[in-house]
Amino acid sequence: SFSEPVVASCGKDDDKWTTPQQFPGLRYRVCTSIFLVLVTKDGAVVNDPNELSTTGTAGEAVFPTGYLYHTGYDPLNVLNFRYLPRRLDSAARLQYQNEFALQAGCAAEDGAGVCVSLSHIRRRVDNKLAGLRLPPTIRDVNRCQTATNAEQQVMCTSTTAHHTYSLYGQKMIRINAVF
């Protein structure tokens, strides 16, 4: 969740929501230009199709996932991302890739490949772009500081730890889609 109310726009006019085929025969209304990059396989090597949630081919057994998903009933400071486990995804504890895993990008390009409709996440209070940087993970070397917050809670146990407010620090989500 964000620290304040936000609004996400899928494309410049919020008109680029799509229903891509993720798993064969399975479609959800999502914004494919706003997504969360998740590490979906422990010990994955480079170019492993299950390394990240953004890898794979739409409509195949390993497909891109982790897109913005609008539920219509969440608090104004919450955005949901629909991650669907894919064949061979396997993680002892789900975590996003790094501080920059939340991405908002181009929703539509013209014939020359120039972006003509950019997705964004804005603060409701003043309509300015919201910061997309997430609490650091173990992959963000030396980014997690061991200092305490205002309530004297330790946010990181070391400079190479998952931040307390990261997905890993907040939820225990195990994936074992080895089938």
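Is Cys106 buried, exposed or partly exposed? At 31% relative accessibility, Cys106 counts as partly exposed. The views below come from a predicted model.

**View 1. A disulfide joins Cys106 to Cys115.**
The two sulfur atoms lie 2.4 Å apart. The link of Cys106 and Cys115 is right-handed, with 105 degrees about the S-S bond. Cys115 has 35% relative accessibility, so Cys115 counts as partly exposed. Cys106, at 31%, is partly exposed as well.

**View 2. Cys10 and Cys31 form a disulfide.**
Here the sulfur atoms are 2.2 Å apart. The link of Cys10 and Cys31 is right-handed, with 90 degrees about the S-S bond. This pair links distant parts of the chain, 21 residues apart. Cys10 is in the loop between β1 and β2, while Cys31 is in strand β2. Are these cysteines buried or exposed? Cys10 has 1% relative accessibility, so Cys10 counts as buried. Cys31 has a relative accessible area of 0%, so Cys31 is buried too. The cut-off for buried is under 20%.

**View 3. Cys144 and Cys156 form a disulfide.**
The sulfur atoms of Cys144 and Cys156 are 1.6 Å apart. What is the handedness of this link? The link of Cys144 and Cys156 is left-handed, with -75 degrees about the S-S bond. The pair links distant parts of the chain, 12 residues apart. Cys144 and Cys156 are each in the loop between β11 (120-123) and α1 (167-170). Both Cys144 and Cys156 are buried.

**View 4. Three disulfides are found in the whole structure.**
How are the bonded cysteines paired along the chain? Count the bonded cysteines along the chain, and the pattern reads 1-2, 3-4, 5-6. One of the links is that of Cys10 and Cys31. Another joins Cys106 to Cys115. Cys144 and Cys156 form a disulfide as well.

**View 5. Tyr28 and Tyr69 form an aromatic pair.**
How many aromatic pairs does the structure hold? The structure holds one. The pair of Tyr28 and Tyr69 is edge-to-face, with 90 degrees between the planes. The ring centres are 6.1 Å apart. Tyr28 and Tyr69 link distant parts of the chain, 41 residues apart. Tyr28 is in the loop between β1 (6-9) and β2 (30-36). Tyr69 is in strand β4 (residues 67-69). Tyr28 has 23% relative accessibility, so Tyr28 counts as partly exposed. Tyr69 has 22%, so Tyr69 also counts as partly exposed.

**View 6. Arg82 lies over the face of Tyr69.**
Where is Arg82 found? Arg82 is in strand β5 (residues 80-82). Arg82 is 3.8 Å from the ring centre of Tyr69. A polar contact of 3.0 Å also joins the side chains of Arg82 and Tyr69. Not counting residues up to four places away in sequence, Arg82 touches Tyr28, Thr65, Gly66, Tyr67 and Tyr69. Phe35 is 47 residues from Arg82 in sequence. In space, Arg82 and Phe35 are 8.9 Å apart, C-alpha to C-alpha.

**View 7. The charged end of Arg93 sits over the ring of Tyr168.**
How far is the charged end of Arg93 from the centre of the Tyr168 ring? The distance is 4.4 Å.

Key
Residues numbered from 1 in each chain as written. Predicted model: local features only at pLDDT ≥ 70, side-chain atom pairs only at ≥ 80, totals over all residues. Heavy atoms only, no water. Phe/Tyr/Trp six-rings, centres within 6.5 Å; stacked < 30°, edge-to-face > 60°. Helix = DSSP H or I, 4+ residues; strand = E, 2+ residues; numbered from the N terminus. Buried < 20%, exposed > 50% of the residue type's maximum accessible area, 1.4 Å probe, protein only. Lys NZ or Arg CZ within 6 Å of the ring centre and 35° of its normal. Disulfide = S-S within 2.5 Å. Contact = heavy atoms within 4.5 Å. Polar contact = N/O pair within 3.5 Å; in protein donor to acceptor, adjacent residues only side chain to side chain.
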